[in-house]
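Here's a quick briefing to read with the model open beside you.

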Amino acid sequence: MVQYGIAINLLAFFMMGLDKQKAKRRRFRIAERTLWLLAFAGGAIGAAAGMYTFRHKTRHSAFRYGLPLLAAVELFLYWRWMR
């Protein structure tokens with residue numbers, strides 16, 4: 001379970017960076033649905049970190065408020081599971 005948590009968060013983090021790169025180059029983008037799917041699959045912490053690191057999707061209120069909230073919930077659930 002720990003390996004899954006690390007892997008999904010790293011994937012979500014790098015997907016945010018990849019989508020930002022694609023946005024800058026006006027290329028085919030990663031769907032928001034995919035980014036949310038990764039977040040709900042356990043990668044909200046990585047997605048939120050990627051959002052702030054790459055300054056990507058910060059103007060979208062759903063991402064600006066939803067990802068940190070989901071990350072806090074997942075952090076709590078990870079903490080409860082580890083105890």
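The axes of H2 and H3 cross at roughly 90° and come within 8 Å of each other, so the two helices are roughly perpendicular (65 to 115 degrees). This is a predicted model, where local features need pLDDT of at least 70, side-chain atom pairs count only at pLDDT 80 or more, and totals for chains, interfaces and linings use all residues. Residues are numbered from 1 along each chain as its sequence is written, and side-chain values use heavy atoms, with hydrogens and water left out.

**H1 with H3**
- Helix H1 (residues 2-24) and helix H3 (residues 61-82) have axes that come within 12 Å and cross at roughly 165°.
- That makes H1 and H3 roughly antiparallel (over 145 degrees).
- On the H1 side, the contact (heavy atoms within 4.5 Å) uses Val2, Gly5, Ile8, Asn9 and Met16, and H3 brings Phe63, Leu67, Tyr78, Trp81 and Met82.
- Eight of the residues in the contact of H1 with H3 are nonpolar, two are polar and none is charged.

**Lys57**
- You'll find Lys57 in the loop between helix H2 (32-53) and H3.
- Leaving out residues up to four places away in sequence, Lys57 touches several others, including Met16, Asp19, Arg29 and Phe63.

Note on methods
Axes are lines fitted to C-alpha atoms, for helices over the stretch in contact, and angles run from 0 to 180 degrees between N-to-C directions. Helices (H or I, at least four residues) and strands (E, at least two) are DSSP runs, numbered from the N terminus. Angles under 35 degrees count as roughly parallel, over 145 as roughly antiparallel, 65 to 115 as roughly perpendicular and the rest as oblique. Ala, Val, Leu, Ile, Met, Phe, Trp, Tyr, Cys and Pro count as nonpolar, Asp, Glu, Lys and Arg as charged, and the others, Gly among them, as polar.
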